[in-house]
Amino acid sequence: MTAVTARVPAKVNLQLSVGPRRSDGYHDLVTVFHALALFDEVTVSPADTDSVVVTGEGADRVPLDADNLAARAVAALVEAVGPGVRDSPGVAIEIRKRIPVAAGLAGGSADAAAALVACNELWGAGLSPQELAEVAGQVGSDVGFALFGGTAIGLGRGDQVTPVLATGTYHWVLAFAAEVLSTPAVYAACDRLREAQATSPDASGAAAMAGVPGSVGTSAVGAAGPPQLNTRLMAALRSGDPAELGPLLSNDLQPAAISLLPRLRQALAAGQEHGALGAIVSGSGPTCAYLARDGKHARDLAVALTGTGVCRSVVTVTGPAPGATVISVPADGRPVSRP
Ligand code: C5P
């Protein structure tokens, strides 16, 4: 076999509830992941030395050394299975990006998940989805979800993933920002806002200003206690009605992202002015995600948002989407698309 290609989706968090900072620097989460039909592709092939090549959206921002998340995933897989698993001294990793980098859409984690399923196939390593998920958890908090896709609850760091019973297809508009936000910086800003809120009543007022009034069902800076799954959100997902889901979208990282990039407040408000059922910062941002009634509404909303100039570019996407999937195994003529 000479090359294996896997396709992998972006994600938005329908709920992102963030607990207090743990002693290891991470935060316990209760989150609801939702995979979006915006895909990166990763091809792995045997080579004399390890290499990473990245093309497409934001490629110049992706590290090409051992810090690359796809390269780290390959190293973690070799570590888990043993060095004998690879049939060549190195692996060439080629990443074709459509998911923007450092945008709150878990694009790097997605590439890691794609590299895992592709190398599992290339080497015939035979790891089960559950075994791959264990390796994924060592690479990053969102990598496990990118393996499974669909709609799923994430607990712990976000790496303990359980699928959710959800009905129907949702239509989204994503507004990409010109800027990037670093995930650790947004979590740190969230901690700072919470500390300020706890120590000064004035700060809580300022933090509340960072939210979008009456819009996204998220409190000023989120609860300091253990996060809870929103059972109304779960019921809305079972109903499949986007009008029920829209007002229930919530993201504790949103005030923190807005504090670092205040312009996001206008971007969210613009979506609401143009009839979005819900408007939310995706993950740690700065991408904004808007829920539409249907495909036509999503296209209308995308045109309206483009006209407001609040973002770099917009796309319409549907969710849920399948997780990391091998899409081509050219060398030995096996099927070109498999779940
Ligand atoms: O796990 P991952 O490498 O994707 O996380 C990136 C950063 O995001 C972490 O270093 C940490 O600062 C922050 N993070 C967190 N709590 C989580 C997940 C991520 O604080 N549950």
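Glutamine 15 counts as buried, at 2% relative accessibility, where buried means under 20% relative accessible area, exposed over 50% and partly exposed in between (1.4 Å probe, protein chains only). This is a predicted model, in which local features need pLDDT of at least 70 and side-chain atom pairs count only at pLDDT 80 or more, while totals for chains, interfaces and linings use all residues. Residues are numbered from 1 along each chain as its sequence is written, and side-chain values use heavy atoms, with hydrogens and water left out.

**Strand β1**

- Glutamine 15 belongs to strand β1; strands (E, at least two residues) and helices (H or I, at least four) are DSSP runs, numbered from the N terminus.
- A polar atom in the side chain of glutamine 15 is 2.7 Å from the backbone oxygen of glutamine 228. A polar contact is a pair of N or O atoms within 3.5 Å; within protein, one must be able to donate a hydrogen and the other to accept it, and residues adjacent in sequence count only if both atoms are side-chain atoms.
- Leucine 16 is also placed in β1, which spans residues 4–21, and is buried at a relative accessible area of 3%.

**Ligand site**

- The ligand sits in the largest pocket. On a 1 Å grid over the protein atoms alone, a pocket is an open set of points with protein on both sides within 12 Å along at least five of seven lines; a molecule sits in a pocket if more than half of its atoms lie within 2 Å of its grid points.
- Around the ligand are Gly25, Tyr26, His27, Leu29, Gly140, Ser141, Arg157, Thr183, Pro184 and Tyr187, a residue being near a molecule if one of its heavy atoms lies within 4 Å of it.
- By class, this shell holds 4 nonpolar, 5 polar and 1 charged residues. Ala, Val, Leu, Ile, Met, Phe, Trp, Tyr, Cys and Pro count as nonpolar, Asp, Glu, Lys and Arg as charged, and the others, Gly among them, as polar.
- Strand β2 (27–47) and helix α5 (183–199) each contribute at least two residues to the shell, and α5 gives the most, with 3 residues.
- The side chain of serine 141 has an N or O atom 2.5 Å from an oxygen atom of the ligand.
- For glycine 25, a backbone N or O atom is 3.5 Å from a ligand oxygen atom.
- For arginine 157, a backbone N or O atom is 3.0 Å from a ligand nitrogen atom.
- Of the 450 Å² of accessible area that the ligand has on its own, the protein covers 77%; such areas come from the Shrake-Rupley method with a 1.4 Å probe, and for residues only the protein chains shown count as cover.

**Cis peptide bonds**

- Glycine 285 and proline 286 are joined by a cis peptide bond with omega about 10 degrees. Proline 286 lies in the loop between β9 (278–281) and β10 (288–292).
- From glycine 319 to proline 320 the peptide bond is cis, and its omega is near 0 degrees. Proline 320 is placed in the loop between β11 (313–319) and β12 (325–328).

**Positive phi values**

- Alanine 102, a residue other than glycine, has a positive phi near 50 degrees. It is found in the loop between β4 (90–97) and α2 (107–122) and is partly exposed, with 36% relative accessible area.
- Alanine 106 is not a glycine, yet its phi is positive at about 60 degrees. It lies in the loop between β4 and α2 and counts as buried at 15% relative accessibility.

- Asparagine 120 is located in helix α2 and is buried, at 11% relative accessible area. Its side chain reaches the backbone nitrogen of leucine 127 at 3.0 Å.
- Phenylalanine 39 is located in strand β2 and is buried, at 12% relative accessible area.
- Glutamate 94 is located in strand β4 and is partly exposed, at 34% relative accessible area. Glutamate 94 and aspartate 111 are 17 residues apart in sequence, and their C-alpha atoms are 9.9 Å apart.

Conventions:
On a 1 Å grid over the protein atoms alone, a cavity is a set of points where a 1.4 Å probe fits but cannot get out, and a pocket is an open set with protein on both sides within 12 Å along at least five of seven lines; lining residues have an atom within 4 Å of a point.
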